[in-house]
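Have the sequence and the 3D view open as you read.

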Amino acid sequence: MLNKKIYTAVLFTVALLLLGGCSASQEDLEYYKKEFLQKSDAAFEALDNSGKVLADVRNEASKGMKRTKIMNAIDQGRTALKSMHDDLFNSAVPKEMDPAKETLLQGIKKKIEAHDELFKFYDLQDKQFEQKADLLLKESNDLVQQAKAELQKFKK
């Protein structure tokens, strides 16, 4: 009988701890929302700048820039995108913002894949990699614009 009471008390305490730890207050949700909107705005600006830098690198490549410089620039861009992706991935958001977050993450992931394909293109000089990269960049831009529109709804 005593074991049953102890067992029930432990279960009740664990249940309370789990339920109490799972719920976020309205204040917490507002903080997560504000924080993610700031991070996503910074990400949109960084993605825009990254696209301009990548276009400049590709332009310089067509003018004869050394392949190692091109590949280093592409690799640095890819590294920055991965860091941005990881930061946004680990950001808490209110449940209603999850679809927009996922769309943004997919857009960044596509841009990372495009950098991988461009790296292969400049390494192996095979046009198929450049064509795939161009397609991935377009898909990435579409997803990022979609995420931007979705997140616009949450701004006051």
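This is a predicted model: local features need pLDDT of at least 70, side-chain atom pairs count only at pLDDT 80 or more; totals for chains, interfaces and linings use all residues.

Residues are numbered from 1 along each chain as its sequence is written, and side-chain values use heavy atoms, with hydrogens and water left out.

**The cores**

In soluble globular proteins, nonpolar side chains tend to be buried together. Here a nonpolar core means a set of buried Ala, Val, Leu, Ile, Met, Phe, Trp, Tyr and Cys residues joined through side-chain atoms within 4.5 Å. Buried is under 20% relative accessible area, exposed is over 50%, and partly exposed is in between (1.4 Å probe, protein chains only).

The largest core has 19 residues, and Leu88, Leu104 and Leu151 touch the most other members. Two or more residues of this core come from each of H2, helix H3 (67-89), helix H4 (98-124) and H5. Helices, by the way, are DSSP runs (H or I, at least four residues; strands are E, at least two), numbered from the N terminus. There's also a second, separate core of 14 residues, with Leu54, Ala61, Ile70 and Phe121 among them.

What does Leu88 contact, once its neighbours within four places in sequence are left aside? The list is Phe36, Lys39, Ser40, Ala43, Lys101, Leu104, Leu105 and Ile108. Contact here means heavy atoms within 4.5 Å.

**The salt bridges**

Side chains of opposite charge can pair when their charged atoms come close. A salt bridge is counted when a side-chain nitrogen of Lys or Arg is within 4 Å of a carboxyl oxygen of Asp or Glu.

| Pair | N to O distance |
|---|---|
| Asp87 and Lys39 | 3.3 Å |
| Arg78 and Asp75 | 2.5 Å |
| Glu130 and Lys127 | 2.9 Å |

The Asp87–Lys39 bridge ties together distant parts of the chain, with Asp87 in helix H3 and Lys39 in helix H2, 48 residues apart. Both ends are partly exposed: Asp87 has a relative accessible area of 40%, and Lys39 comes in at 26%.

Arg78 and Asp75 are three residues apart in helix H3, so about one helical turn separates them. Is Arg78 buried or exposed? Arg78 is buried, at 12% relative accessible area, whereas Asp75 is partly exposed at 31%. Glu113, in helix H4, is 35 residues from Arg78 along the chain, yet their C-alpha atoms are separated by 8.5 Å. Glu113 is partly exposed, at 32%.

Glu130 and Lys127 both sit in helix H5, again three residues apart, about one turn of the helix. Glu130 is buried, with 15% relative accessible area.

**The main pocket**

Rolling a probe the size of a water molecule over the atoms shows where empty space is left. The largest pocket has a volume of about 250 Å³. Its lining has 15 residues, and Leu47, Asp48, Gly51, Lys111 and Asn141 lie nearest its centre. On a 1 Å grid over the protein atoms alone, a pocket is an open set of points where a 1.4 Å probe fits, with protein on both sides within 12 Å along at least five of seven lines, and lining residues have an atom within 4 Å of a point. The volume is the space filled by probe spheres set on the points, which are joined across faces, edges and corners.

Helix H2 (26-62) and helix H5 (127-152) each supply at least two lining residues, and H2 gives the most, with eight.
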